Amino acid sequence: MASVHESLYFNPMMTNGVVQANIFGIKDWVTPYKIAVLALLYEMATTKSIALLDRRRLNKLILPLQQGPDLTFEQFLKTVKECCPRMVNAVKLRLFPMADSELQDMEHFFTILPNAFSDSEAFKTSVVGLFMRQMLLAYNKLSFSQVYKLFRSLQQYSHGGGRPQRDLSALTTEDMELTSNEDTSVDPMEKDELDMGALHQSDLRSGETRGPLSQKQAEYFLARQAYLLKNDENKAMKPAKLQDELNNILKFNPDFAEAHYLSYLNSMRVQDVYISTHSLLHYFDRLILSGGEGKSNGDEGYGRSLRYAVLNLATLHCRFGHYQQADLALQEAIRIAQEANDHVCLQHCLSWLYTLEQMKGSDSVVLTEDSVKMAAHFCLPYLASLGIQSLVQQGALQGMPANKLLDALRGTDIMHWKQSLSELIDISLAQTASIWRMYGKSTMARQQAQLLLNMNSLEPVNFGVQQNNTEPFAIALCHLAELHAEQGLYGAVSDIIKHLKQQFPPHTQHAKLWMLCDLKIQFEKAMNDGKYHLAEPHVTAISALNATEGLYRKAQLLKALNQTSDASRILQRVQQLSEKNKNTEMIIRVMLATAELHWDSSGFATALPLLLQALALARQHNLQSLESETVLHLAFTQLMLGVPEQALALVQDVLECMLAHGSVLDKARALLLAARCQAALAATAPEEHRLRAVELCVETLGEAALYFSQLNCKQRLREVYYLQARLHHSLGNVSERNKSALLFRLLNQELPPSASAAVPLL
């Protein structure tokens with residue numbers, strides 16, 4: 001990280017009781033909190049009877065206390081007490097008499113402080129020794145009035161430790177200025193700053209005003225928060241609180257470039273366009289100004305910073321959907337990179353160029369292929385792998401053979417493991433899970449998602465945080481939630497969504513993934529339960545996150561409410577949007593929903609061409625799940641057209657796939673349709689085979705009822721119980737017939753009457 005801007009001459013700054021001494025590499029200053037840390041170190045060095053376990057815990061605590069921001073005295077004592085309770089009393093006995101006595105006692109403490117470490121080699125070489133010598137040097141550089149202000153602030157600081165506060169109101173501002181022998185080399189403005197820094201009772205008691213962090217504290221704070229934002233955003237500070245801390249840092253040092261960049265990252269968390277753009281521009285302004293002697297078109301200096309500044313601005317506009325501004329910024333970055341002959345920057349620009357084309361819905365295959373070739377030529381495995389991942393994604397959407405796509409992913413995985421590219425391994429696993437899910441192989445999708453979630457990261461673990469809040473983890477968890485919902489395991493779904501909410505709070509950039517996933521699951525559950533009034537609010541919420549998905553769900557809801565004309569109009573609109581965005585899955589689903597609307601008007605023959613077109617699309621794009629669902633629609637249409645033999649043959653062709661990879665609802669619908677076909681064939685079967693055919697049909701209905709009951713699909717259960725009662729009556733099973741009839745009657749009284757009784761549900 002870049003160093004905090006330092007003056008060329010000694011300029012002590014006094015703000016809210018914090019004395020800064022910044023001279024010849026002294027990048028720290030004395031505060032009451034650091035005096036408390038020094039007292040703790042002194043007691044640890046002079047006390048020999050500390051238990052080994054307690055000393056070990058204290059040794060582990062020292063570095064965070066030195067590097068972290070200043071704590072209140074109460075927080076400091078609480079932290080020490082957790083490691084060694086007896087050391088708290090020793091620190092109090094050292095600080096309280098010092099604060100209650102005269103100024104000479106604090107002076108005496110700094111005099112005897114080196115004596116405790118004089119015989120130790122650690123005083124010369126360790127981090128503790130360096131910290132102590134820095135504090136001693138900073139203290140010795142203070143004027144007498146500054147030492148007195150420090151003493152006053154120590155008195156106020158010690159009052160946070162649970163002891164009564166001395167009455168300091170009698171001390172006036174004049175009492176604090178005991179000397180007028182100030183350095184004449186300091187200009188009047190700097191003297192005004194010293195005067196403005198004088199402590200007042202209201203400032204000391206408010207607890208809201210904070211002094212500046214030292215350079216080491218600021219760098220540690222920024223590094224920690226940046227790491228947490230990247231790897232586990234939930235453990236980072238809240239956006240508002242973090243922005244307050246950054247504003248406090250920038251108030252005392254506006255040229256701290258890294259603080260501006262962390263402000264940019266923090267603003268991106270809450271999707272704040274203005275502050276994120278403002279902070280990003282300020283970051284590169286400061287970086288360019290501190291770039292040194294670099295040439296404008298060289299590899300180093302402000303020329304390199306300038307072209308990457310424009311590239312980052314382009315990525316910012318991409319994130320917020322400002323495609324025109326992003327395109328202009330990318331063109332500018334490409335021009336500057338070409339002038340500087342910076343091939344690495346050009347490759348990054350090309351990667352974002354094809355990403356931008358994908359966001360705009362344009363065909364970017366040629367650009368992506370060029371990017372992969374050039375990245376491989378310049379030995380940039382990260383960019384080459386990202387390009388291959390993008391090509392695989394586009395190939396999956398365009399219907400490329402599954403074996404070619406998986407072979408390409410396997411080749412990139414080998415490179416990822418060789419190069420230890422942990423982030424790309426996560427992306428590859430999440431993409432593989434998504435591809436298997438799209439193909440309808442739920443078992444393989446579940447396996448890949450579990451593999452990602454249980455894999456140890458190759459990245460070094462800092463601050464005790466694993467890299468588990470990235471987009472691949474969110475995608476994997478959403479897949480697991482949807483797969484559990486398809487099996488009717490809503491308790492597990494609730495646990496997964498709860499974990500997602502904790503790991504990806506609503507203000508984070510990946511929160512939309514689980515929000516949309518949760519809303520779709522709740523919508524499907526409400527539709528299966530027949531509670532359409534609960535499904536309607538979910539439609540509005542889904543539309544806010546994804547317009548196409550929202551319109552499709554709205555059409556489903558209108559169809560269930562028998563508003564066929566409105567549903568048909570919305571489905572036509574969804575199909576136009578899907579064709580524009582080349583969303584093949586949604587196109588097929590719209591075709592199936594349109595065919596169901598034709599069924600409601602008894603237009604079974606009209607639905608056949610539409611279903612055949614959907615079947616051809618599903619097979620072309622290897623969408624096995626949608627292919628099986630389309631075949632079931634074709635079988636139902638043929639059954640309604642009076643061809644039960646062909647319908648049963650189609651059902652049997654996809655039944656194995658449905659039972660292996662389908663959802664509980666798909667399994668139940670397939671079994672119910674098979675039972676209907678069997679019942680239709682049993683009616684025309686010879687007398688000697690009819691009894692066995694009816695018994696087989698009853699068994700199939702029993703399995704379907706079991707699956708429907710898992711999802712609480714009362715409408716379809718009513719249909720199953722009605723068929724069971726009719727079949728048991730034909731078999732002469734009076735008790736079973738009465739049982740099924742009673743269940744049917746209870747559901748029929750609970751549910752509204754079917755508006756289209758002539759057309760049973762699929």
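**Helices, salt bridges and loops in a predicted model**

Colleague: Where do Arg-569 and Asp-566 lie, and how many residues apart are they?

Modeller: Both are in helix α29 (residues 564-581), three residues apart, which is about one turn of the helix. Helices here are DSSP runs of H or I with at least four residues, strands are runs of E with at least two, and both are numbered from the N terminus. This is a predicted model, in which local features need pLDDT of at least 70 and side-chain atom pairs count only at pLDDT 80 or more, while totals for chains, interfaces and linings use all residues. Residues are numbered from 1 along each chain as its sequence is written, and side-chain values use heavy atoms, with hydrogens and water left out.

Colleague: What does Arg-569 form with Asp-566?

Modeller: Arg-569 forms a salt bridge with Asp-566, with 3.1 Å between the closest N and O atoms. The term requires a side-chain nitrogen of Lys or Arg within 4 Å of a carboxyl oxygen of Asp or Glu. Asp-566 is partly exposed, at 26% relative accessibility. On that scale, buried means under 20% relative accessible area, exposed means over 50%, and partly exposed lies in between (1.4 Å probe, protein chains only).

Colleague: Is Glu-43 buried or exposed?

Modeller: Glu-43 counts as buried, at 9% relative accessibility.

Colleague: What about Glu-339 and Arg-335: how many residues apart are they?

Modeller: They are four residues apart in helix α17 (residues 323-340), so about one helical turn separates them. Glu-339 is exposed, with a relative accessible area of 54%, whereas Arg-335 is partly exposed at 37%.

Colleague: Changing topic: how many helices and strands does the chain have?

Modeller: The chain has 37 helices and two strands. Of its 762 residues, 49% count as buried. Among contacts between residues at least 6 apart in sequence, 65% join residues at least 24 apart; a contact means heavy atoms within 4.5 Å.

Colleague: How do α30 and α31 cross?

Modeller: The axes of α30 (residues 584-600) and α31 (residues 604-620) come within 9 Å and cross at roughly 165°. Axes are lines fitted to C-alpha atoms, for helices over the stretch in contact, and angles run from 0 to 180 degrees between N-to-C directions. The two helices are therefore roughly antiparallel to each other. Angles over 145 degrees count as roughly antiparallel, under 35 as roughly parallel, 65 to 115 as roughly perpendicular and the rest as oblique.

Colleague: Which residues of α30 and α31 meet?

Modeller: The α30 residues include Ile-587, Met-591, Leu-592 and Trp-599, and those of α31 include Phe-604, Leu-610, Leu-611 and Leu-617. By class, this contact has 13 nonpolar, five polar and no charged residues. Ala, Val, Leu, Ile, Met, Phe, Trp, Tyr, Cys and Pro count as nonpolar, Asp, Glu, Lys and Arg as charged, and the others, Gly among them, as polar.

Colleague: What lies in the loop between α30 and α31?

Modeller: Ser-602 lies there, and its phi is near 60°, a positive value in a residue other than glycine. Ser-602 is partly exposed, with a relative accessible area of 48%. Asn-622, in the loop between α31 and α32 (624-640), also has a positive phi of about 60° although it is not a glycine.

Colleague: At what angle do α32 and α34 pack?

Modeller: α32 and α34 (residues 664-683) pack at about 25°, with their axes 11 Å apart. That makes α32 roughly parallel to α34. The α32 side of the contact includes Glu-629, Leu-632 and Phe-636, and the α34 side includes Arg-669, Leu-673 and Cys-677. The contact residues divide into eight nonpolar, one polar and three charged.
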